[in-house]
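Hi,

Here is the structure we talked about. Please open it alongside this note; what I found follows below.

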Amino acid sequence: MQRQTRDQRRHQTSVIIVGSGFAGLGMAIQLKQAGIDDFIVLEKAVDLGGTWRDNTYPGCACDVPSLMYSFSFEQNPAWSRMFARHDEISDYLQHCADKYWVRDHIHYGVVFTGAEYDEKASAWRVSTADGTEYVGRALVSGVGVLHIPSYPELPGVERFAGEVFHSAEWNHELDLAGKRVAVIGTGASAIQFVPRIATKVARLHLFQRTPPWIQPKPDLPIPGVFQRWFRRVPLLQRAARAALYWMLEARYFVVFNRRLGGFFEQLSKRYIRKVVKDPGVRAAVTPDYAMGCKRILLSSDYYPALNRSNVDLVTSGVGEVRPRSVVTGDGQEHPVDAIIYATGFHVTDAFAHLSIVGRDGRKLQDAWRNGMEAYLGIAVSGFPNLFFLLGPNTGLGHNSVVFMIESQINYVLGFLRSICRDEVSQIDVRQSVQDSFNAEIQSKLAGAVWSVGGCRSWYLDENGVNRAIWPGFTWKYWLRTRKADMADYETTVGRSR
């Protein structure tokens, strides 16, 4: 277990993990399985779970099939639906923490604010909001990018007299029944909670900037007989998971093959024509950009919700917010009692607020001045023994990110073993290797949907460069991360004193 100095505001350990969602928890479990107990998990909240702890809005659910949204080593035979809801996923993560005995390693209520590498000691000195210091020989970031809510700058919102909150910080104490509500944004969270609140509110003004591509969601209950067979014969669940994996992997072609992408666009447009009754609304929710530019969403109840008489789709933008209303760009005033932001998260600038200082005083913000990049999305040159899980260009638009996370964990685990066994003290990816990898990544992305004119997406940074998505099949990423090529890294043998 981790060692504490006499000063309770300083903790020393071998490995520091930041975050306790799928990435951080998975890393902790694999360290435990490898016989490494000297690690600490820092969690800003009072409980584990990451995204699935924070997002509790009505209708919150996964848009990746349940069978693929779990660790391969701990498959859940008891999923109740094809697409698990947030409480089931949260319970699953709690179960994993208990089964693999990692809960005692988690320090709750610890807000990570930055870290500085001590080259002489070959250690990372981690700073936290309350002044407590954590010192570790290796630092693993498992924070992901979907945890810092993004708020638009709406003129006058500070004068609004009603309730204002983000979907990731849902105000459950506010009863929306009979209220007039403005929802800003039509992304992944909005299409889930809008149908749920539309039946309760008196009036819902849905402010849309860009319509998403939406396909029907085949969300069906998983029959009890399937659950029983999965429990009795785990090989059956593994076979079903494998089949599902390859089905999802085929969705890669929607993004990277424009002919096939065009075919699915036509299917989605047919779905819109079939479900949306009002011709004006139908035209407004039909995207004019290539499918895959933004995240492709799944829902079977969002479009029907737009048919309700109390739902008003607004496309003229927000001009200003007054104490009791939202005024659109065309001057029309919409009286509202509450404003809900469904405006996503900071993705391409998720680490901008942190002070991370590597070798020779190099700051991560400087290293990423022209955009986030890392070798395999994991290692950044000049920052020894620092490893990112779900780092730059490892997100997905077609399969389960848990698969990517496990690939990264396996890759990083090899390094952590060497560090904890005193075989090496410093591991730092070569700048030339990192540059070559990212040139390859951007070259592949240049031929994809994001290069099509008019594409605007949270996948892209302020320079229009895709820093979020892995441009290929996930099995290819798995092959590249099965085992590290130590020639890609500069290493220092033995432990520094």
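Start at Val321, which stands opposite Val326 in strand S15. Bear in mind that this is a predicted model.

The strands first. S15 covers residues 325-328 and is joined to S14 by four bridges. S14 and S15 run antiparallel. They belong to an open sheet of three strands, in the order S14-S15-S16. The pairing in this sheet is antiparallel.

Which strands stand at the edges? They are S14 (318-322) and S16 (333-335). Each has a single partner strand, so one side of each is left without a neighbour in the sheet. On average, neighbouring strands here are turned by 20° against each other, direction ignored.

Now the helices. Two packed helices are described by the angle between their axes and the distance between the axes. Helix H1 spans residues 22-33, and helix H12 spans residues 401-420. H1 and H12 pack at an angle of about 40°. Their axes are 10 Å apart. That angle makes H1 oblique to H12. The crossing of H1 past H12 is right-handed.

Which residues meet in this contact?
- From H1: Phe22, Ala23, Gly26, Met27, Gln30 and Leu31.
- From H12: Val402, Ile405, Ile409, Val412, Leu413 and Leu416.

By type, the residues of the contact of H1 with H12 divide into ten nonpolar, two polar and no charged.

Best wishes

Technical notes: Residues are numbered from 1 along each chain as its sequence is written. This is a predicted model: local features need pLDDT of at least 70, side-chain atom pairs count only at pLDDT 80 or more; totals for chains, interfaces and linings use all residues. Side-chain values use heavy atoms; hydrogens and water are left out. Axes are lines fitted to C-alpha atoms, for helices over the stretch in contact, and angles run from 0 to 180 degrees between N-to-C directions. Helices (H or I, at least four residues) and strands (E, at least two) are DSSP runs, numbered from the N terminus. Angles under 35 degrees count as roughly parallel, over 145 as roughly antiparallel, 65 to 115 as roughly perpendicular and the rest as oblique. A crossing is left-handed if the near helix is turned anticlockwise from the far one by less than a right angle, and right-handed if clockwise. Contact means heavy atoms within 4.5 Å. Ala, Val, Leu, Ile, Met, Phe, Trp, Tyr, Cys and Pro count as nonpolar, Asp, Glu, Lys and Arg as charged, and the others, Gly among them, as polar. Two strands pair if DSSP finds at least two bridges between them.
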